[in-house]
Amino acid sequence: AYTVDVAIESEITAMIDDVEAKIGPIDLFCSNAGISVAGGVEVGNDDWQRIWDINVMSHVWAARHLVPLMSERGGGYLLNTSSAAGLLNQVGSAPYGVTKHAAVGLAEWMAMTYGDQGIKVSVLCPQAVRTEMTKGHEDHVAAIDGMMEPEPVAEACVQTIREEKF
């Protein structure tokens, strides 16, 4: 296991380099970190930047380092987690909704751009999943339809990757 601050590009690239050197080529990279910040346009610049770095730039930085490696090997798979908020939006959190939309847009762009190089991309957009991020918030608006359990979400990811669906 690795402890990585995904808001820092060099930590992501160091982890990728270490895994490739010690374990082997990364065929599937699941980019799953995310945070939420409540509020709207009044949220401070530091909070906007932190959520942007974690919810969007972490995907960019991972792809920036992995795409050339995967392309050289003839392919690979990127699974980026966004949220249902990336397809709809998030009541009470402009930073979350905006960054999750950007994460979906990035995944779409990467699928179009790198598909000819054998790189597949899927994007996970679930509603509220029972994780550390949602702990203590089960009764908030994200859980109106109930909290999803991690296991079925993981199985849906595996099936989507098997079927090579975006």
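Here is a short walk through the structure, stop by stop.

Before you click anything: this is a predicted model, where local features need pLDDT of at least 70 and side-chain atom pairs count only at pLDDT 80 or more, while totals for chains, interfaces and linings use all residues. Residues are numbered from 1 along each chain as its sequence is written, and side-chain values use heavy atoms, with hydrogens and water left out.

**Stop 1: the main core.** Select I16, I26, F29, L66, M70, L78 and M110, which have the most contacts inside the largest nonpolar core, a group of 25 residues. A nonpolar core here is a set of buried Ala, Val, Leu, Ile, Met, Phe, Trp, Tyr and Cys residues joined through side-chain atoms within 4.5 Å; buried means under 20% relative accessible area, exposed over 50%, and partly exposed in between (1.4 Å probe, protein chains only). Now colour α1 (9–22), α2 (45–73), α3 (94–114) and β3 (119–124), each of which supplies at least two residues of this core. The top contributor is α2, with 8 residues. Helices (H or I, at least four residues) and strands (E, at least two) are DSSP runs, numbered from the N terminus.

**Stop 2: L78.** Leaving aside residues up to four places away in sequence, L78 touches F29, A63, L66, V67, M70, M110, I119, K120, V121 and S122. Contact means heavy atoms within 4.5 Å.

Stop 3: On a 1 Å grid over the protein atoms alone, a cavity is a set of points where a 1.4 Å probe fits but cannot get out, and a pocket is an open set with protein on both sides within 12 Å along at least five of seven lines; lining residues have an atom within 4 Å of a point. Grid points are joined across faces, edges and corners, and a volume is the space filled by probe spheres set on the points. Helix α2 gives the most to this lining, with 3 residues.

Stop 4: Go to M15, I16, F29, C30 and S31, the closest to the centre of the second largest pocket among its 16 lining residues. This pocket holds about 230 Å³ of space, and α1, β1 (28–31) and α2 each supply at least two residues of its lining.

**Stop 5: W109.** Finish in helix α3 with W109, which is partly exposed at a relative accessible area of 44%. Its C-alpha atom is separated by 9.5 Å from that of V121, 12 residues apart along the chain.
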